[in-house]
Amino acid sequence: MKITIVSVGKLKEKYLKQGIAEYLKRLSAYAKVDIVEVADEKAPENMSEAEMVEVKRKEGERILSHISQDTYVITLEIGGKMLSSEQLADKMDQLATYGKSKLAFVIGGSLGISEAVQKRSDFALSFSKMTFPHQLMRLVLVEQVYRGFRINRGEPYHK
């Protein structure tokens with residue numbers, strides 16, 4: 001399986017980079033995983049609704065430029081469906097079983113994802129009703145993807 005994580009914004013925090021690098025190294029035994037960073041738009045504090053839509057639209061165009069037509073897309077959204085680790089593992093296993101060998105996870109910017117990206121999404125996933133920094137979500141996501149492969153292979157992993 002080829003997994004691409006498309007994320008808005010550049011990761012700056014060294015501790016997050018180190019954690020992600022560790023999980024990517026572990027994941028290399030199971031799948032090819034690439035992280036694509038797309039530039040975020042400048043988003044001043046006091047934006048109008050129209051300006052927010054425009055920021056998301058521009059970020060969305062950048063996101064979609066990295067997703068091919070034959071890719072199954074899972075967007076991370078607060079309003080998405082919450083799954084347990086086992087359910088996410090099962091979803092990934094089902095996708096692989098039914099020939100979906102290209103999988104993309106999308107992490108939007110600070111304002112979320114555009115309507116165009118939502119329409120392209122095959123599945124909206126929520127990790128929580130809480131809001132998390134999108135940089136931190138990269139680490140949480142790669143850990144859960146790794147955990148999913150361990151679960152699907154029946155390999156031990158701490159709970």
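Let me begin with the aromatic rings: three aromatic pairs are counted in this structure, where rings of Phe, Tyr and Trp (its six-membered ring) pair if their centres lie within 6.5 Å, and planes under 30 degrees apart count as stacked, over 60 as edge-to-face and the rest as tilted. Please note that this is a predicted model, in which local features need pLDDT of at least 70 and side-chain atom pairs count only at pLDDT 80 or more, while totals for chains, interfaces and linings use all residues. Residues are numbered from 1 along each chain as its sequence is written, and side-chain values use heavy atoms, with hydrogens and water left out.

One of the pairs joins Tyr 23 and Tyr 146; their ring centres are 5.8 Å apart and the planes stand at 55°, so the pair is tilted. Tyr 23 belongs to helix H1 (residues 14-27) and Tyr 146 to helix H5 (residues 134-152), so this pair ties together parts that are 123 residues apart in sequence. Helices (H or I, at least four residues) and strands (E, at least two) are DSSP runs, numbered from the N terminus. Both tyrosines, Tyr 23 and Tyr 146, are buried; buried means under 20% relative accessible area, exposed over 50%, and partly exposed in between (1.4 Å probe, protein chains only). Ring pairs link Tyr 23, Tyr 30, Tyr 146 and Phe 149 into a cluster.

Phe 149 leads us to the core. A nonpolar core is a set of buried Ala, Val, Leu, Ile, Met, Phe, Trp, Tyr and Cys residues joined through side-chain atoms within 4.5 Å. The largest one has 29 residues, of which Ile 3, Leu 103, Phe 105, Val 145 and Phe 149 touch the most other members. Strand S1 (2-8), H1, S3, H3, S4, S5 and H5 are the elements that give two or more residues to this core, and H5 supplies the largest share, seven residues. Not counting residues up to four places away in sequence, Phe 149 touches Met 1, Ile 3, Leu 27, Tyr 30, Ala 31 and Met 92, contact meaning heavy atoms within 4.5 Å. There is also a second, separate core of eleven residues, which includes Val 38, Val 73, Val 106 and Val 117.

For helix H3 (residues 85-97), 13 residues at 1.5 Å a residue should span 18 Å, and the end C-alpha atoms are 18 Å apart, which agrees; the expected span is 1.5 Å times one less than the number of residues. Its buried residues are Leu 88, Ala 89, Met 92 and Leu 95. Seen down the axis of H3, they fall within an arc of 125°, so they line one face of the helix; the arc is that of the directions from the helix axis to the C-beta atoms. These residues pack against strand S3 (72-82), strand S4 (102-107), strand S5 (123-126) and H5. Just after H3, Gly 99 takes a positive phi of about 85°.

In H2, the buried residues include Val 55, Glu 59, Gly 60 and Ile 63. Down the axis of H2, the buried residues fall within an arc of 135°, so they too line one face of the helix. They pack against S1, strand S2 (32-38), S4 and H4.

Finally, where is Ser 121 placed? Ser 121 sits in the loop between helix H4 (115-120) and S5, and is buried, with a relative accessible area of 16%.
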